[in-house]
Amino acid sequence: MDATNSCRGGQRLAALAQQLRLYKPPPTPFDDDVEEQSDQESAGKVVSQVGIPESAAPIDRDPERFRPKRAAVLICLFEGDGGDLRVILTKRSSRLSTHSGEISLPGGKAEEGDKDDGDTATREAHEEIGLDPSLVNIVTCLEPFLSKHLLRVVPVIGMLHEKKAFKPAPNPAEVEEVFDAPLEMFIKDENRSAEEREWMGNKYLIHFFNYETGGRKFIIWGLTAGILIRAASIVYQQPPPFLEQNPLFKVPGGVNKDTILP
């Protein structure tokens with residue numbers, strides 16, 4: 001990218017950042033809840049076959065019945081050489097005992113020293129892929145998603161203005177590969193499929209996106225796909241041309257801390 005295009009790219013990212021700072025996620029009944037994380041989600045890492053927006057999953061607030069646990073993922077956006085908006089993704093190590101080889105956003109459970117969700121997401125990204133938090137401009141947080149183990153996952157959008165300053169350094173214990181994909185693909189029906197599953201009489205959707213780059217093939221699905229569909233819809237200010245989630249799906253009020261989605 002030459003100097004002129006780089007300047008234009010910086011202006012586009014700045015304008016997008018300003019737009020996203022005005023975004024307000026819908027309120028949820030658990031906005032004030034903070035609780036220590038469980039180890040059920042891959043030792044605190046956020047990878048799941050399921051990703052339900054919290055507004056589509058009203059759960060009884062009674063803490064004796066259920067209190068969602070907290071994590072955050074980083075949707076790190078930058079402008080590619082072709083001028084398209086791209087997002088950084090990881091392929092989990094094939095040596096891991098759970099979710100090995102699956103695609104995820106950098107992120108994980110909240111820790112005591114984290115000031116907020118942005119802190120959690122950037123700290124985890126630094127630990128997983130060597131992304132210096134000072135390079136990332138956090139602009140907004142999206143509506144939380146509920147994962148398979150009903151972990152409350154907050155998507156954090158950050159801008160990487162100096163892509164060349166980021167030299168990926170994946171932690172081999174967790175990450176096998178770092179790559180990027182165009183954000184817009186998640187509001188397109190190309191190379192996408194969906195699977196309908198049922199839980200306690202309610203049907204919900206799991207999306208799958210096939211992506212190929214440099215001769216490598218990836219399948220982005222589940223929680224990661226659900227989060228990126230929502231992020232792309234907000235960034236591009238248009239809904240996807242497919243059903244994002246079954247509007248009739250509701251998580252019943254009788255779930256507890258040991259409940260998981262099938």
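Guide: Contact means heavy atoms within 4.5 Å of each other. The model is predicted: local features need pLDDT of at least 70 and side-chain atom pairs count only at pLDDT 80 or more, while totals for chains, interfaces and linings use all residues. Residues are numbered from 1 along each chain as its sequence is written, and side-chain values use heavy atoms, with hydrogens and water left out.

Visitor: Of the contacts with a separation of 6 or more, what percentage comes from residues 24 or more positions apart?
Guide: The count takes in contacts in the protein whose partners have a separation of 6 or more. Within that set, the share from residues 24 or more positions apart is 73%.

Visitor: How many helices and strands does the protein have?
Guide: Both are DSSP runs numbered from the N terminus, helices being H or I with at least four residues and strands E with at least two. On that basis the protein has three helices and 12 strands.

Visitor: What percentage of the residues is buried?
Guide: Buried means under 20% relative accessible area, exposed means over 50%, and partly exposed is in between (1.4 Å probe, protein chains only). Of the 262 residues in the protein, the buried share is 52%.

Visitor: Which strands do the buried residues of helix 2 pack against?
Guide: Helix 2 covers residues 117-129 and reaches 18 Å from its first C-alpha to its last, close to the 18 Å expected, where the expected span is 1.5 Å times one less than the number of residues. Because 10 of its 13 residues are buried, helix 2 is largely enclosed by the rest of the structure. Among the buried residues are Thr 120, Arg 123, Glu 124 and Ile 129. The buried residues of helix 2 pack against strand 2, strand 3 (85-92), strand 5 (107-109), strand 6 (136-141), strand 8 (151-160) and strand 9.

Visitor: How many residues of helix 3 are buried?
Guide: The end C-alpha atoms of helix 3 are 20 Å apart, which agrees with the 20 Å that its 14 residues should span. Gln 237, which follows helix 3, has a positive phi near 55 degrees. Helix 3 is mostly covered, its buried residues numbering 14 of 14.

Visitor: How many salt bridges does a search of the whole structure find?
Guide: Side chains of opposite charge can pair when their charged atoms come close. A salt bridge here is a side-chain nitrogen of Lys or Arg within 4 Å of a carboxyl oxygen of Asp or Glu. One network of them links Glu 111, Asp 114, Arg 123, Glu 124 and Glu 127. The search of the whole structure finds 15.

Visitor: How many residues apart in sequence are the parts that Arg 12 and Glu 79 tie together?
Guide: Arg 12 and Glu 79 form a salt bridge, with their closest N and O atoms 2.6 Å apart. Arg 12 lies in helix 1 (residues 3-21) and Glu 79 in strand 2 (residues 69-79), so the pair ties together parts whose separation in sequence, in residues, is 67.

Visitor: Is Arg 230 buried or exposed?
Guide: Arg 230 forms a salt bridge with Glu 244, the closest N and O atoms being 3.0 Å apart. Arg 230 lies in helix 3 (residues 222-235) and Glu 244 in the segment after helix 3, so the pair ties together parts that are 14 residues apart in sequence. At 16% relative accessibility, Arg 230 counts as buried.

Visitor: Which ring does the charged end of Arg 192 sit over?
Guide: The side chain of Arg 192 also meets that of Asp 189 in a salt bridge (2.6 Å, N to O). A charge sits over a ring if NZ of Lys or CZ of Arg is within 6 Å of the ring centre and within 35 degrees of the ring normal. At 4.0 Å from the ring centre, the charged end of Arg 192 sits over Phe 242.

Visitor: How many aromatic pairs does the structure hold?
Guide: Rings of Phe, Tyr and Trp (its six-membered ring) pair if their centres lie within 6.5 Å; planes under 30 degrees apart count as stacked, over 60 as edge-to-face and the rest as tilted. The number of aromatic pairs in the structure is five.

Visitor: Why is the pair of Phe 179 and Tyr 211 described by that term, and which term is it?
Guide: The ring centres of Phe 179 and Tyr 211 are 6.5 Å apart and their planes lie at 20 degrees, so the pair is stacked. Phe 179 lies in strand 9 (residues 175-182) and Tyr 211 in strand 11 (residues 202-213), so the pair ties together parts that are 32 residues apart in sequence. Phe 179 is buried, with a relative accessible area of 4%. The term for this pair is stacked.
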